[in-house]
Amino acid sequence: MTKVFHCAELKEGCTAVIRGENADQVIELAKRHAEKDHGHTEHPEDKVAEVRKRIRDE
Ligand SMILES: [Zn+2]
């Protein structure tokens, strides 16, 4: 089952929708997205946990 994370749930106004085959893959892609589009250089565990909580089955 595909996993999906809508970045707008954490970053108001962001239209990115990140999909992966499993939660870990979505997390990795979300990190790359945060680096590229939100200028993040670090990914603290609490932020990763916030993303993980919002990953849904699609
Ligand atoms: Zn975003």
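**View 1. H33 sits in helix α1.** Helices here are DSSP runs of H or I with at least four residues, strands are E runs of at least two, and both are numbered from the N terminus. This is a predicted model, in which local features need pLDDT of at least 70, side-chain atom pairs count only at pLDDT 80 or more, and totals for chains, interfaces and linings use all residues. Residues are numbered from 1 along each chain as its sequence is written. H33 has 19 C-beta neighbours inside 10 Å, so it counts as partly exposed (buried means 20 or more other C-beta atoms within 10 Å of a residue's own, exposed means 12 or fewer, and partly exposed lies in between, with C-beta atoms placed from the backbone). Setting aside neighbours within four places in sequence, H33 is in contact with C7, A16 and I18; a contact requires C-beta atoms, placed from the backbone, to lie within 7 Å. From H33 to I18, 15 residues apart along the chain, the C-alpha separation is 8.6 Å.

**View 2. Three strands make an open sheet in the order β2-β1-β3, with antiparallel pairing.** Two strands pair if DSSP finds at least two bridges between them. At the edges stand β2 (17-20) and β3 (56-57), each with a single partner strand, so one side of each has no neighbour in the sheet. Helix α1 (residues 23-38) packs on this sheet and touches β1 and β2, its direction making about 145° with that of β2. For such angles, axes are lines fitted to C-alpha atoms, for helices over the stretch in contact, and the values run from 0 to 180 degrees between N-to-C directions.

**View 3. Here is a look at the bridges of strand β1 (residues 3-6), four of which pair it with β2 in the antiparallel sense.** H6 stands opposite V17 in β2, while K3 has G20 as its bridge partner in that strand. Towards β3, two bridges join the antiparallel pair, and there K3 has D57 as its bridge partner.

**View 4. Helices α1 and α2 (residues 45-53) pack at an angle of about 125°, with their axes 10 Å apart.** That angle makes α1 oblique to α2 (under 35 degrees counts as roughly parallel, over 145 as roughly antiparallel, 65 to 115 as roughly perpendicular, and the rest as oblique). Their crossing is right-handed, a term for the near helix being turned clockwise from the far one by less than a right angle, with anticlockwise giving left-handed. At the contact, A23, I27 and A30 in α1 meet V48, V51 and R52 in α2. These residues divide into five nonpolar, no polar and one charged, where Ala, Val, Leu, Ile, Met, Phe, Trp, Tyr, Cys and Pro count as nonpolar, Asp, Glu, Lys and Arg as charged, and the others, Gly among them, as polar.

**View 5. E9 is found in the loop between β1 and β2, and K47 in helix α2.** E9 has 14 C-beta neighbours inside 10 Å and so counts as partly exposed. Its C-alpha atom and that of Q25, 16 residues apart along the chain, are separated by 18 Å. K47 is also partly exposed, because 15 other C-beta atoms lie within 10 Å. K47 and D57 are ten residues apart in sequence and 20 Å apart in space, C-alpha to C-alpha.

Key:
Contact = placed C-beta atoms within 7 Å.
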